[in-house]
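Here are some worked exercises to go through with the model open beside you. Try each task before you read its solution.

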Amino acid sequence: MAIRQLSETLINQIAAGEVIERPASAAKELIENALDAGATRIEIATSGGGKALLRVSDNGSGMNAADLELAVRRHCTSKISETLEDIRTLGFRGEALPSIGSVARLSIASRRRDSAGGHEIAVAGGKIAHLRPAAANPGTIVEVRDLFFATPARLKFLKTEKAEAGAITEIVKRMAIAFPAVRFVLSGSDRTTLEFPATGDDHLGRMAQVLGKEFRDNAIALDAVREEISLTGFAGVPTFNRGNSAHQYAFVNGRPVQDKLILSAIRGAYAETIPSGRHPVAVLSITLDPALVDVNVHPAKSDVRFRDPGLVRGLIVGAIREVLARDGSRAATTGASDMLRSFRPGFQPHAQRPQTAWSAETSPSRPYQPTTGFGERPQASFDGLSMPTARAEPQFSPQPAAPEPNARYPLGAARAQIHANYIVAQTEDGLVIVDQHAAHERLVFEAMRKALHSKRLASQVLLIPEIIDIPEEDCDRLMQHAAELSELGLAIERFGPGAIAVRETPAMLGEVDAHGLIRQLADEIAEWDTASGLSAKLEYVAATMACHGSVRSGRRLRPEEMNALLREMEVTPGSGQCNHGRPTYIELKLSDIERLFGRS
């Protein structure tokens with residue numbers, strides 16, 4: 001068979017299969033062109049999920065007649081010259097417009113600010129019409145109709161109009177976060193108008209527009225530098241999580257990307273702080289020399305390749321873990337709202353009233369008179385009860401230390417234990433409910449993690465070794481890693497073909513359910529098992545041990561034990577979540593309580 005040259009139209013249609021996968025792909029390319037042109041206002045209109053109509057209007061620099069004629073031809077661009085080593089624009093391939101024109105009806109009207117009039121050019125199914133004068137405002141209007149009419153087979157693979165419209169919305173949100181100084185408006189017959197006013201340099205304000213106002217109250221600022229790479233952005237506290245990863249945004253030199261390395265680093269940074277099946281909320285912006293990253297990996301430009309991926313991953317994981325250890329222990333502000341809704345599902349007397357902070361001077365419950373500390377006088381009626389005090393004692397000491405005068409603690413003073421599982425503590429402006437098992441589990445885990453980096457954990461020898469019967473293959477796996485488990489204070493030996501003898505357990509765990517612990521470790525090792533052993537997963541094993549050795553639900557605590565637990569939580573990193581990522585406490589302000597009773 002003879003080799004022949006393909007026609008220009010067919011070449012463009014082949015390129016369109018890679019560049020323009022769906023209406024959202026076309027929207028992304030057109031918005032990128034508008035941003036590269038310096039636009040400060042971009043309006044997007046759609047119909048039929050973008051299949052019937054996609055219009056992008058901007059107030060950018062615009063194009064003259066000569067530029068318009070070249071813009072619809074392949075590999076014509078103003079953004080690069082002779083090298084791919086220094087790409088500083090969103091687009092650079094010169095393929096988007098000719099690819100769209102080969103599979104749709106494309107028209108472009110543009111006018112430069114210094115021109116008296118504009119021009120328009122049209123392309124339908126790859127056929128370019130003659131350039132003609134047109135009335136136009138400064139900037140560019142690109143209109144795409146009947147997407148994929150020239151390649152009907154592609155239409156069969158598109159999703160419903162609603163799904164395609166949603167994909168375009170997601171593209172606009174990503175672009176809006178990346179460029180807070182630009183005003184975005186998304187409208188059309190297939191959607192409700194969505195507008196993101198420009199916020200200038202207030203990046204967090206733009207993120208709040210896109211991710212919801214709760215993100216502002218539950219985000220921790222990131223600012224880290226390693227070698228020639230800088231990382232900025234915001235990471236949500238672990239208790240502020242979502243059911244999917246759609247609320248994770250990453251940008252490289254201002255370019256929105258969905259890179260597997262970055263997403264994997266986010267998951268690693270939040271390991272042990274997010275429940276299974278939940279995902280953190282984060283916005284990361286990576287800035288580095290363009291020569292250190294390759295954006296020419298895929299025609300869609302959503303994937304990138306870093307020259308030193310290990311450095312980038314380490315920067316992300318280290319920066320997020322550092323801020324979480326410092327500020328991530330607090331409960332999400334949405335917890336109190338969820339609690340209020342659970343109390344009164346159908347009754348919201350405060351719905352039309354302004355939500356202001358609680359104040360003793362304005363409270364309808366006067367003549368309440370606040371005092372210093374935790375307000376002992378209002379609780380005089382409880383003097384006959386054994387009341388806990390705000391004493392700080394390390395690790396449940398039987399000899400409690402004397403309380404500090406006028407001490408103020410973030411988690412307050414324990415007032416009661418309910419259902420032998422939840423500690424109720426009074427703070428200066430509300431109350432805190434603590435899950436005692438989840439909280440102590442985290443404290444034990446952090447103590448084990450700290451000890452891991454210094455020496456072998458202290459163990460306690462069992463007077464009579466516990467024999468656990470498990471399948472022979474599980475015994476084999478456990479014994480392969482016996483030395484690594486010994487570092488955690490768990491000494492095991494083989495006891496016949498299908499049994500394990502536990503001779504020592506970690507001292508800090510106290511009484512341990514050895515049977516449950518060994519069986520769970522065997523299951524986890526079967527899932528992780530690699531040639532490298534458990535050396536990279538000792539912290540996960542420590543988390544499992546902490547769960548089996550923590551204060552169990554149903555155990556009644558003395559007042560001094562409850563307060564000791566609260567004091568330890570206040571000084572322990574990550575104490576706001578247990579090892580499985582569930583919250584360890586929920587805070588309820590007095591203003592929330594008063595709204596619950598309809599007093600504000």
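This is a predicted model: local features need pLDDT of at least 70, side-chain atom pairs count only at pLDDT 80 or more; totals for chains, interfaces and linings use all residues.

**Exercise 1.** Is E227 buried or exposed?

*Solution.* Residues are numbered from 1 along each chain as its sequence is written, and side-chain values use heavy atoms, with hydrogens and water left out.

Step 1: find E227 in the loop between β10 (219-226) and β11 (229-236). Helices (H or I, at least four residues) and strands (E, at least two) are DSSP runs, numbered from the N terminus.
Step 2: recall the classes, with buried under 20% relative accessible area, exposed over 50% and partly exposed in between (1.4 Å probe, protein chains only).
Step 3: E227 has a relative accessible area of 66%, so E227 is exposed.
Step 4: look at the backbone too, where phi of E227 is near 55°, a positive value in a residue other than glycine. Most residues other than glycine have a negative phi.

**Exercise 2.** Describe how α2 and α4 pack.

*Solution.* Two packed helices are described by the angle between their axes and the distance between the axes.
Step 1: α2 (residues 23-36) and α4 (residues 96-103) pack at about 140°, and their axes are 10 Å apart. The axes are lines fitted to C-alpha atoms, for helices over the stretch in contact, and angles run from 0 to 180 degrees between N-to-C directions.
Step 2: angles under 35 degrees count as roughly parallel, over 145 as roughly antiparallel, 65 to 115 as roughly perpendicular and the rest as oblique. The two helices, α2 and α4, are therefore oblique to each other.
Step 3: list the contact (heavy atoms within 4.5 Å): A26, E29, L30 and N33 of α2 with A96, L97 and I100 of α4.
Step 4: check the cover of α4, where eight of its eight residues are buried.

**Exercise 3.** Where does I44 lie, and which residues is it in contact with?

*Solution.* Step 1: I44 belongs to strand β1 (residues 41-47).
Step 1: at 1% relative accessibility, I44 counts as buried.
Step 2: leaving aside neighbours within four places in sequence, the contacts of I44 include I31, L54, V56, V172 and F184.
Step 3: I141 is 97 residues from I44 along the chain, and their C-alpha atoms are separated by 9.9 Å.

**Exercise 4.** Which backbone oxygen does the side chain of T572 reach?

*Solution.* Step 1: T572 is in the loop between α17 (559-571) and β25 (585-589).
Step 1: T572 is buried, at a relative accessible area of 11%.
Step 2: its side chain reaches the backbone oxygen of E568 at 2.6 Å.

Methods
A polar contact is a pair of N or O atoms within 3.5 Å; within protein, one must be able to donate a hydrogen and the other to accept it, and residues adjacent in sequence count only if both atoms are side-chain atoms.
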